[in-house]
Amino acid sequence: MNYHTLMAASASIRMFTGVDRYDAAVVLGSGLGSYATAFNDGVEIKFVDIPGFPIPKVAGHSGSVVAAPLGNKNVLLFSGRVHAYEGWEMDEIVFGVRTAVACGAKRIMLTNAAGGINPAYAPGDLVMISDHLNLTGRNPLVGANDDRLGPRFPDMSEVYSADLRAQLADTFRESGLVPHEGVYAAFLGPTYETPAEVQMAKTLGADLVGMSTVPEAIAIRHMGAEVVGVSLVTNLAAGISPTPLSHDEVTETAARARATFTNVLDRFLPTLIDSPID
Ligand code: 8IG
């Protein structure tokens, strides 16, 4: 991680918007990026215009951050995440969240689309992430540690803030949702798992499977900010589902669940932004 590039990215966002501090950030996962466009008073900055940002190669989305006021605070909403399975390095994958923390964000919400292992989940459900299993074989902190960012051996005993999870559970209930919570197992991808791999993850304690979020959560904790995670279950994991997995199923379910997701974020963002640890 190049510290100076990180500082340049942070300065670029703060100077472009004329806001010297952002209080919180949200990373919008696959199919959920449209949430950012709902902020009418937000300013969109394309990743190509920020030093050091990885530019997604996915057709139709080169990535951007919407900087928006919320009450008397300010939030950053990122859409256009990059993944390890696309060939990106860990430093690139976590660059956005590190920039958010460098802009002042003390709390970051990570969202994703994921496969469901826990039989209590159905496609379309939102699930809070209680903890994770890093099964990617990668870690964003490998290499020389930059002590300006965080410690060599960061504690991971509460990656996903218990306080924020309790508040998100309240938001789920207020939205009429079951406050599902589960362990997210990250695989490298891009293949979905075999049924045996899903059984392995289940035996290890996983409720959800996905290909993102974990590197970002690690980098955020490294820098001492708080994390809250939510998965949209878009498919049942291989072998749990009676039918083969398809990316079309994933995008269709994400589209169906968008209103629920929007409702939860609208209610939760004021909580996320109102950090008592300023
Ligand atoms: I959406 O079933 C989505 N992302 N690893 N497995 C993994 N990632 C996913 C899945 C899944 N569904």
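The views show a predicted model.

**View 1. Helix α6 and its buried residues.**
Helix α6 covers residues 214–222. Because 8 of its 9 residues are buried, α6 is largely enclosed by the rest of the structure. The buried residues are Val214, Pro215, Glu216, Ala217, Ile218, Ala219, Ile220 and His222. After the helix comes Gly224, and the phi of Gly224 is positive, near 85°.

**View 2. Thr213, in the loop that leads from β8 to α6.**
Thr213 belongs to the loop between β8 and α6. Its phi is near 70°, which is a positive value in a residue other than glycine. The relative accessible area of Thr213 is 0%, so the residue counts as buried.

**View 3. The shell of residues around the ligand.**
The ligand sits in the largest pocket of the model. Around the ligand are Ala113, Ala114, Gly115, Tyr192, Glu193, Val209, Gly210, Met211, Thr234, Asn235, Leu245 and Val250. By residue class, the shell holds 7 nonpolar, 4 polar and 1 charged. At least two shell residues come from each of the strands β5 (107–116), β8 (208–210) and β9 (226–236). With 3 residues, β5 gives the most to the shell.

**View 4. Polar atoms facing the nitrogen atoms of the ligand.**
For Glu193, a polar side-chain atom lies 2.4 Å from a nitrogen atom of the ligand. Asn235 likewise places a polar side-chain atom 2.6 Å from a ligand nitrogen atom. From Gly115 the contributing atom is a backbone N or O, at 3.3 Å from a nitrogen atom of the ligand. Taken alone, the ligand exposes 320 Å², and the protein buries 95% of that area.

**View 5. Ser231 and Asn112, joined by a side-chain contact.**
Ser231 is a residue of strand β9. Its relative accessible area is 0%, so Ser231 is buried. The side chains of Ser231 and Asn112 are joined by a polar contact of 2.7 Å.

**View 6. Ser10 in helix α1.**
Helix α1 spans residues 3–17, and Ser10 has its place there. Ser10 is buried, with a relative accessible area of 0%. The side chain of Ser10 reaches the backbone oxygen of Ala102, at a distance of 3.3 Å.

**View 7. Glu158 in the loop between β6 and α4.**
The loop that holds Glu158 runs between β6 (126–134) and α4 (162–174). Glu158 has 42% relative accessibility and therefore counts as partly exposed. The side chain of Glu158 reaches the backbone nitrogen of Ala162 at 2.8 Å. Along the chain, Glu158 and Asp131 are 27 residues apart, and their C-alpha atoms are separated by 7.7 Å.

**View 8. Asp207 in the loop between α5 and β8.**
Asp207 has its place in the loop between α5 and β8. With 16% relative accessibility, Asp207 counts as buried. Asp207 and Ile129 are 78 residues apart in sequence, and the distance between their C-alpha atoms is 9.2 Å.

**View 9. Ser64 in strand β3.**
Strand β3 consists of residues 64–70, and Ser64 is found in it. The relative accessibility of Ser64 is 4%, so this residue counts as buried. Ser64 and Leu272 are 208 residues apart along the chain, and 21 Å separates their C-alpha atoms.

Methods:
Residues are numbered from 1 along each chain as its sequence is written. This is a predicted model: local features need pLDDT of at least 70, side-chain atom pairs count only at pLDDT 80 or more; totals for chains, interfaces and linings use all residues. Side-chain values use heavy atoms; hydrogens and water are left out. A residue is near a molecule or strand if one of its heavy atoms lies within 4 Å of it. A polar contact is a pair of N or O atoms within 3.5 Å; within protein, one must be able to donate a hydrogen and the other to accept it, and residues adjacent in sequence count only if both atoms are side-chain atoms. Accessible areas come from the Shrake-Rupley method with a 1.4 Å probe; for residues, only the protein chains shown count as cover. On a 1 Å grid over the protein atoms alone, a cavity is a set of points where a 1.4 Å probe fits but cannot get out, and a pocket is an open set with protein on both sides within 12 Å along at least five of seven lines; lining residues have an atom within 4 Å of a point. A molecule sits in a cavity or pocket if more than half of its atoms lie within 2 Å of its grid points. Helices (H or I, at least four residues) and strands (E, at least two) are DSSP runs, numbered from the N terminus. Ala, Val, Leu, Ile, Met, Phe, Trp, Tyr, Cys and Pro count as nonpolar, Asp, Glu, Lys and Arg as charged, and the others, Gly among them, as polar. Buried means under 20% relative accessible area, exposed over 50%, partly exposed in between (1.4 Å probe, protein chains only).
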